[in-house]
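Colleague: Hi, I've just opened this one and could use a quick tour. Could you show it to me?
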Amino acid sequence: MPEVIFNGPEGRLEGRYQQGKEPNAPVAIVLHPHPEFGGTMNNQIVYHLFYMFAERGFSVLRFNSRGVGRSQGMFDHGIGELSDAAAALDWLQALNRESRGCWIAGFSFGAWIGMQLLMRRPEVEGFISVAPPENLYDFSFLAPCPSSGLIIHGDKDRVAPPSSVQKLVDKLKTQKGITIEQQIVEGANHFFEGKVDTLIDASSEYLDRRRAEIAAGMGR
């Protein structure tokens with residue numbers, strides 16, 4: 001799994017990249033949780049989501065946003081981090097010009113950044129949003145949400161309480177033309193301690209099912 005360095009808006013960004021074997025392999029980007037609370041591309045949920053995509057033949061990238069690890073710049077409360085994510089996806093797509101299909105996954109703060117990126121990228125066919133903190137960040141930009149996706153969270157989450165995530169799900173489910181699937185992991189806290197395997201199994205099943213539906217022409 002090669003280490004990569006690419007240019008972001010505020011300097012170099014470091015990442016880990018796995019190239020798919022097929023020339024038209026789909027691409028995926030995985031976004032890490034809040035940098036000021038220890039969030040990096042080596043977070044175990046980010047790591048396992050990365051390998052979930054890699055094992056399915058995706059060209060997949062995870063990276064450190066500005067000011068994290070060897071990435072240059074300073075934390076920018078989401079605005080700069082969204083620009084970093086856009087630059088990362090640009091870099092990934094430039095390497096994979098024949099790619100068919102693009103996915104975004106993010107955990108916590110990364111889910112918020114990922115869903116903002118989704119709004120800017122009509123080519124994205126699906127997303128996986130892990131424990132999106134609707135109570136901490138404004139998700140009103142999802143009007144409308146342009147893609148179907150999975151929102152998955154734990155019923156013991158005290159950072160992003162189930163009631164707040166439910167508000168986001170209920171809002172998105174009223175939109176036509178997309179399907180938002182919600183999965184609740186019993187006994188899981190915000191970090192899915194002891195439940196990461198359950199999280200990845202559920203995410204994998206969703207990804208496989210959605211991609212089979214898309215391949216069969218059953219829509220986004």
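Colleague: Which residue forms a salt bridge with Glu3 where the closest N and O atoms are 2.9 Å apart?

Modeller: That is Arg70. By salt bridge I mean a side-chain nitrogen of Lys or Arg within 4 Å of a carboxyl oxygen of Asp or Glu. Before we go on, this is a predicted model, where local features need pLDDT of at least 70, side-chain atom pairs count only at pLDDT 80 or more, and totals for chains, interfaces and linings use all residues. Residues are numbered from 1 along each chain as its sequence is written, and side-chain values use heavy atoms, with hydrogens and water left out.

Colleague: Thanks! Why does the Glu3 and Arg70 pair tie together parts that are 67 residues apart in sequence?

Modeller: Because Glu3 lies in strand β1, while Arg70 is in the loop between β4 and α2. Strands here are DSSP runs of E with at least two residues, helices are runs of H or I with at least four, and both are numbered from the N terminus.

Colleague: Which residues are linked in a network of salt bridges with Glu3?

Modeller: Glu14, Arg16 and Arg70 join Glu3 in that network. Between Glu3 and Arg16, the closest N and O atoms are 3.8 Å apart.

Colleague: Are Glu3 and Arg16 buried or exposed?

Modeller: Glu3 counts as exposed because its relative accessibility is 52%, whereas Arg16 is buried at 14%. The cut-offs are under 20% relative accessible area for buried and over 50% for exposed, with partly exposed in between (1.4 Å probe, protein chains only).

Colleague: How many salt bridges does a search of the whole structure find?

Modeller: It finds 11. One of them joins the side chains of Arg56 and Asp208, at 2.6 Å from N to O. That pair links distant parts of the chain, with Arg56 in the loop between α1 (44–54) and β4, and Asp208 in helix α5, 152 residues apart.

Colleague: New topic: what is Ser204 in contact with, leaving aside its neighbours within four places in sequence?

Modeller: Met52 and Arg56, where contact means heavy atoms within 4.5 Å. Ser204 lies in helix α5 (residues 196–215) and counts as buried because its relative accessibility is 9%.

Colleague: And what covers the buried residues of α2?

Modeller: The cover includes β1 (3–8), β2 (11–18) and α3 (109–120). Among the buried residues of α2 are Gly80, Leu82 and Leu92.
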